[in-house]
Amino acid sequence: MAKDLAKELRYIYVDTGAMYRSVTLYAMRHNMFNDDGSVKLQELEKAMPQIHISFQHNEKTGKPDTYLNGECVEQEIRSIEVSSHVSPIATIGFVRRALVAQQQQMGKDKGVVMDGRDIGTVVFPDAELKIFVTASAEVRAQRRFDELKSKGMPADYEDILKNVQERDYIDSHREESPLRKADDAILLDNSHMTIAEQKAWLLDRVATLLH
């Protein structure tokens with residue numbers, strides 16, 4: 001949805017969730033998780049300066065792909081394995097501060113559509129337009145299931161649903177930048193909207209802002 005809006009407006013698109021997923025993938029590859037699922041904090045903090053995340057336009061899809069230290073990881077970071085490890089990473093203060101600083105740098109010249117769970121509250125509290133998008137956990141799990149299947153990746157609906165519910169709880173209860181709707185954000189529940197309906201709704205809000 002956010003990618004499509006950025007394309008329509010010819011704005012830069014930044015998927016902040018992909019940035020946390022990329023840090024998670026790096027930590028998984030470098031054995032930075034303990035057996036109980038907790039993170040080896042000292043090792044990860046030491047490694048943060050070596051973790052470089054960027055977005056590059058994919059000519060084939062017309063949308064940006066996520067790169068971790070020069071490697072395209074767009075497919076890998078969407079796996080259920082990464083999804084099940086991302087929330088502990090996203091609660092770590094030094095990770096959030098490092099990525100928020102990068103995100104603020106990316107958006108300082110405006111012309112950006114930024115997608116993430118703390119954009120309107122922490123990253124850009126003065127953004128010109130804030131949309132807080134929600135849908136039922138069941139609908140979101142089905143969408144992720146369909147997305148993974150369409151990419152030929154393994155997927156189990158019940159596992160995905162459990163992961164969605166757990167991430168919502170962890171992200172909304174964490175101390176550092178908890179997930180919440182900004183007071184001046186417009187709520188969009190897209191549980192029962194088509195992509196076309198959603199796009200029309202969004203463009204209408206942007207047009208209202210610009211005029």
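Me: What kind of model is it, and how many helices and strands does the chain have?
Reply: This is a predicted model, and the chain in it has nine helices and seven strands. The radius of gyration is 17 Å, close to the 17 Å that the globule rule gives for 211 residues, so the chain is as compact as a globular protein of that length.

Me: And what share of the residues is buried?
Reply: Buried residues make up 40% of the 211 residues.

Me: Switching to strands, why is E3 called largely enclosed?
Reply: Strand E3 covers residues 63-68, and five of its six residues are buried, which means under 20% relative accessible area, so the rest of the structure largely encloses this strand.

Me: Which strands does E3 pair with, and in what sense?
Reply: Strand E2, residues 53-58, pairs with E3 in the antiparallel sense over six bridges, while two bridges join E3 to strand E4, residues 71-72, again antiparallel.

Me: What stands opposite Tyr-67?
Reply: Ser-54 stands opposite Tyr-67 in E3, and Tyr-67 also stands opposite Cys-72 in E4.

Me: What about the turns, how many residues lie between the strands?
Reply: The hairpin of E2 and E3 has four residues between its strands, and Gly-62 in that turn has a positive phi of about 75°. In the hairpin of E3 and E4 there are two residues between the strands, and Asn-69 in the turn has a positive phi of about 50°.

Technical notes. Residues numbered from 1 in each chain as written. Predicted model: local features only at pLDDT ≥ 70, side-chain atom pairs only at ≥ 80, totals over all residues. Heavy atoms only, no water. Rg over C-alpha atoms; globule rule 2.2 N^0.38 Å. Buried < 20%, exposed > 50% of the residue type's maximum accessible area, 1.4 Å probe, protein only. Pairing = 2+ DSSP bridges.
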